[in-house]
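The sequence and structure come next.

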Amino acid sequence: MDSEASITEDKQSTDGVVERTISNTHTVIPHAAPSAPSPNEPPPFLAVAPINRLPVELLACIFEFVVADEGESPWKLVLVNNRRWRETALGIQSLWARILITSSSRYFTMHEIGGKIGIVWSQGNMQVCSNVDELNEALIRSGTALLDILIYHPKNNVDKALAMYRKLLGQPNNGRLQKLYIHGGTMENTGNQMTTYMESSYPALTTIELETSHEWGDVLLPRFLKAASSVRSIRSQIPRDLDISIFEWSHLQSLHLIRTTDTQVLNRICNKLQRLHTLNGIPKDWPNDLTPATAFNLLTAIKLAVHPSYGPHALHQLSFPSLTRLDLEIMSRPQPIAIPSSVWKLPSLTEFSLEARHIPGVSQWLPFIDMPRLQRLHLEIQADHSERFPPSVHYPNVQFLYIVASSLAESYFIDLLEASPSASVVTLSYRNAVYHNVSVGNLLIRLLQTGSKMLCPNMTAISIKGGDMGMTGARESLEALIRRVVEYRVKQLESFTVTWAGKMMFNPDIVEYVQRAS
């Protein structure tokens, strides 16, 4: 009796909710007057099931997680044979605030809801709208929640498309627009017409992504930047003649440049990007001799391609106190490589990749890059047999070492291992090794030495590759040395792999020499 009274009391406390507003999800649960049992209501024996006794607020949080975090369609919640779930889902405005606008719905998921709603479409957690009527219904369901809008491939039926954009960009929805993505081809000669629908203010807009035609990007981006002071993330091409004074660039946190080959735009704004966390799509030959001194205090990863002659000076114009990963490419140019005149300090860097496939002598840059915390080193270089690894360079904390070269002297690799005593995973890869004998005998002998001359005592894995076709050479004698190394380092070594040339081209023979008991 006590348990039945408790269940009855819990159910009454839940059903007694007349009107609730959950501020963080824009949820409005309307008054639910008592009504006759419906075919969609759960059977009486399920009415007191735990899932049906959850408070509305908790149910709303679960629905928000399913849609926002798991990417499920909110229509799936409506289709559940449970009136309470359906009414709750339809009352949570933020579940319906993600809308995809397209020219046709036929490529997306269809849901037969029935009743006044009828047939609807979705893509992931987004409502799909292909005409003004569907957009009106979607906006009504979203209530006053902030909107995430994706306009996808809008190039058919100009009048229908422009009518939807007018509805979306004009009042009162301009105040609700939070994220705007435009992807795919667009209608020609409509960029200026689009601007006639735009308002002077988009106060909630934080994200702009214009992965679209040059016309729309060049016309729409300046208008949005001028009208939206809260923008924190931009993915777009930036017009070369953009008036940079229309936007407060210091507030920007993420910038992804699309189809940008001109470095002039980035040079004009780079020293205003003090709060930038992410910078992608950087054009080649940046930084250059026109790049102003800039401190990127919050950037943690970046990919750069610089000129071999003025690249060293240009890099010193940039400061990255928080950078943990750097991918640096030395571009192939006929000019000779320049030697830096001072040390470039990267105090937080843990991953460094240097690519200079056609530029000999790039190892001379290494002494001028200070990376005291480096743990992963990737070198892809062009070096001849006379080039030596700089003796002044030491990487005491490097654990993962990967080097790719076309014709690198064996002594270079041995010197690099001596400079990296903590290396545990090592990969040596020769490009086009099948065309010439690769000598690794001295390296194997050094791996057998003990005491102070022992290379990388904590090494757990080593791989020697010969490009796509494998290595040729004195395989029989080298394999005898390899087996001795495996036997000598049996306690630490978990893998020793060599890629030999196979009987057929591009079908190499990959051999693992460490045999572990299963």
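The sections below go from overall content to local detail.

## Basis and overall content

The model is predicted: local features need pLDDT of at least 70 and side-chain atom pairs count only at pLDDT 80 or more, while totals for chains, interfaces and linings use all residues. Residues are numbered from 1 along each chain as its sequence is written, and side-chain values use heavy atoms, with hydrogens and water left out.

The protein has 13 helices and 25 strands, taken as DSSP runs numbered from the N terminus (helices H or I, at least four residues; strands E, at least two). Of its 518 residues, 47% count as buried; buried means under 20% relative accessible area, exposed over 50% and partly exposed in between (1.4 Å probe, protein chains only). Among contacts (heavy atoms within 4.5 Å) between residues at least 6 apart in sequence, 68% join residues at least 24 apart.

## Nonpolar cores

A nonpolar core is a set of buried Ala, Val, Leu, Ile, Met, Phe, Trp, Tyr and Cys residues joined through side-chain atoms within 4.5 Å. The largest one holds 122 residues, and W249, F352 and F496 touch the most other members. Leaving out residues up to four places away in sequence, F352 touches L326, L328, L366, I369, M371, L374, R376, L377 and H378. A second, separate core has 15 residues, including A60, W75, A89 and L95.

## Helix α11

Seven of the nine residues of helix α11 (residues 410-418) are buried, so the helix is mostly covered by the cut-off for burial. The buried residues are E410, Y412, F413, I414, D415, L416 and L417. These residues pack against the strands β20 (376-382), β21 (400-405) and β22 (425-430), and against helix α12 (441-447).

How many cavities of 30 Å³ or more does the count give? The count comes to one. A cavity is a set of points, on a 1 Å grid over the protein atoms alone, where a 1.4 Å probe fits but cannot get out; lining residues have an atom within 4 Å of a point. Grid points are joined across faces, edges and corners, and the volume is the space filled by probe spheres set on the points. The largest cavity holds about 60 Å³ and is lined by P312, L315, H316, P340, W344, W365, F368 and I369. Its lining divides into seven nonpolar residues, one polar and no charged; Ala, Val, Leu, Ile, Met, Phe, Trp, Tyr, Cys and Pro count as nonpolar, Asp, Glu, Lys and Arg as charged, and the others, Gly among them, as polar.

A338 lies in the loop between β16 (325-330) and β17 (344-345). Apart from neighbours within four places in sequence, A338 contacts P308, S309, P312 and W365. A338 counts as partly exposed because its relative accessibility is 22%.

## Backbone and cysteines

Most residues other than glycine have a negative phi, and most peptide bonds are trans. The bond joining Q171 and P172 is cis, with omega about -5°; P172 is in the loop between α6 (158-169) and β8 (177-183). The bond from W286 to P287 is also cis, with omega near 5°.

C456, in the loop between α12 and β23 (461-465), has a positive phi of about 45°. C456 is buried at 1% relative accessible area, whereas C61 is partly exposed at 41%. The structure holds zero disulfides, a disulfide being a pair of cysteine sulfur atoms within 2.5 Å.

Methods:
1 Å grid on protein atoms, 1.4 Å probe; cavity = no way out; pocket = protein on both sides within 12 Å on 5 of 7 lines; lining within 4 Å.
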